[in-house]
Amino acid sequence: MPEGDTIFRAAAALHRALAGRTVTGFDTALAPLARVHDDTPVTGRTIERCESVGKHLLIWFSGDLVLRTHMRMSGSWHLYRPAERWQRPARAMRVRLDTDAWVAVAFDVPVAEFLRGRDLPRSRALASLGPDLLSPDFDRAEGLRRLAAAGDRSIAEALLDQGVVAGIGNIFKSEVLFLAHVHPDRPASSLGDDERVSIIDTALKVMRANTGARAGGPIVTYRGLRHAMRRASPEESVWVYGRGGKPCRKCGTPIASAKRGLDARATFWCAHCQH
Ligand SMILES: [Zn+2]
């Protein structure tokens with residue numbers, strides 16, 4: 001599942017390329033979107049802005065029309081120059097937006113809908129989101145309150161619940177809990193105030209570090225082994241994620257891993273450093 005920072009960067013790239021441009025062509029493989037386009041054409045509208053809200057990507061068009069997409073596990077947005085060859089097959093295209101300078105293509109997005117901007121606050125998908133870690137006005141007190149109310153679920157599960165705080169995916173889940181020294185199996189209800197603060201502040205720090213001006217490669221939470229002349233592999237840039245059986249970077253204990261929960265997403269942790 002893409003992390004919030006990935007969607008944030010995708011939205012920023014789309015915004016830089018598309019904002020202020022006029023849609024010169026629109027195509028979609030999704031019938032509900034095609035119906036809206038037939039009734040109220042997208043072509044001819046101006047793209048006002050592109051932004052992320054949690055892991056949702058919103059493209060705002062003139063005339064109060066918003067395209068909401070969610071990538072889940074498989075979806076992606078690509079930007080191409082008009083004559084450029086796509087990196088994915090045309091049959092994977094779900095939405096295509098043409099402008100004079102750029103073509104934006106959504107491949108395999110499982111969730112896409114048009115909304116009126118004025119209906120957005122009432123959209124169920126967005127209204128249920130917790131505070132967005134990547135929003136400049138992240139409501140920290142509300143994030144802490146929701147975490148305190150997350151119940152007996154494991155903290156690992158609670159962090160993936162976008163209704164607690166929005167933006168954390170499976171990689172940051174393991175990384176944040178390692179950095180906060182909290183064992184992923186702890187019931188959320190067992191955490192102390194200081195542990196919740198540590199988790200939220202760590203999450204803010206690593207997510208923001210991954211959306212800064214120099215971000216763009218694999219997720220980075222660990223910089224110890226970086227060498228200037230060598231490209232970092234994803235495994236070299238994290239503390240525990242994907243490092244099952246390898247020595248903890250702090251204490252040398254082999255990193256533990258387990259697949260838990262409904263969709264069996266992997267969790268990684270150090271049994272010595274996390275309590
Ligand atoms: Zn350790």
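Predicted model: local features only at pLDDT ≥ 70, side-chain atom pairs only at ≥ 80, totals over all residues.
When residues up to four places away in sequence are not counted, L133 touches F138, V165, A166, I168, I200, A203, L204, M207 and R208.

Helix α4 spans residues 140-148, and its buried residues are E142, G143, L144 and L147. An α-helix has 3.6 residues a turn, so residues three or four places apart point the same way. The cover over the buried residues of α4 includes α5 (155-160) and α7. At the start of α4, the backbone nitrogen of A141 has a side-chain oxygen of D139 within 3.4 Å.

Helix α7 comprises residues 193-209, and T211 is found in the loop that runs between this helix and β9 (256-260). T211 has a relative accessibility of 16% and counts as buried, because the limit for that class is under 20%. With its neighbours within four places in sequence left aside, T211 is in contact with D5, F8 and L134.

The loop between α7 and β9 also contains C248, one residue of the zinc site. The protein donors of the zinc ion are the SG atoms of C248, C251, C270 and C273, which lie 2.2 to 2.4 Å from the ion. The angles among the four donor atoms are 101 to 114°, and the site is tetrahedral. The donor residues follow the spacing C-x2-C-x18-C-x2-C in sequence. C248 and C273 link distant parts of the chain: C273 is in the segment after β10 (265-269), and the two residues are 25 residues apart. Both C248 and C273 are buried.

Strand β10 contains R265. With a relative accessible area of 18%, R265 is buried. From R265 to A141 the C-alpha to C-alpha distance is 28 Å, and the two residues are 124 residues apart in sequence.

The count of aromatic pairs comes to six. A pair of aromatic rings is described by the distance of the centres and the angle of the planes. F26 and F114 form a tilted pair, with 5.8 Å centre to centre and 45° between the planes. F26 lies in strand β1 (residues 25-28) and F114 in strand β8 (residues 111-116), so this pair ties together parts that are 88 residues apart in sequence. F26 is buried, at a relative accessible area of 11%, and F114 is also buried, at 12%. Together with F61, F26 and F114 form one aromatic cluster.

A further pair is formed by Y80 and W86, whose ring centres are 6.2 Å apart. The planes of Y80 and W86 are at 20°, so the pair is stacked; the limit for this class is under 30 degrees. Y80 is buried, with a relative accessible area of 1%, whereas W86 is partly exposed, with a relative accessible area of 22%.

Conventions. Residues numbered from 1 in each chain as written. Heavy atoms only, no water. Helix = DSSP H or I, 4+ residues; strand = E, 2+ residues; numbered from the N terminus. Buried < 20%, exposed > 50% of the residue type's maximum accessible area, 1.4 Å probe, protein only. Contact = heavy atoms within 4.5 Å. Polar contact = N/O pair within 3.5 Å; in protein donor to acceptor, adjacent residues only side chain to side chain. Donors = N, O, S within 2.8 Å, 3.2 Å for Na, K, Ca; no water. Tetrahedral: all angles 85-135°; square planar, octahedral: opposite > 155°, others 65-115°. Phe/Tyr/Trp six-rings, centres within 6.5 Å; stacked < 30°, edge-to-face > 60°.
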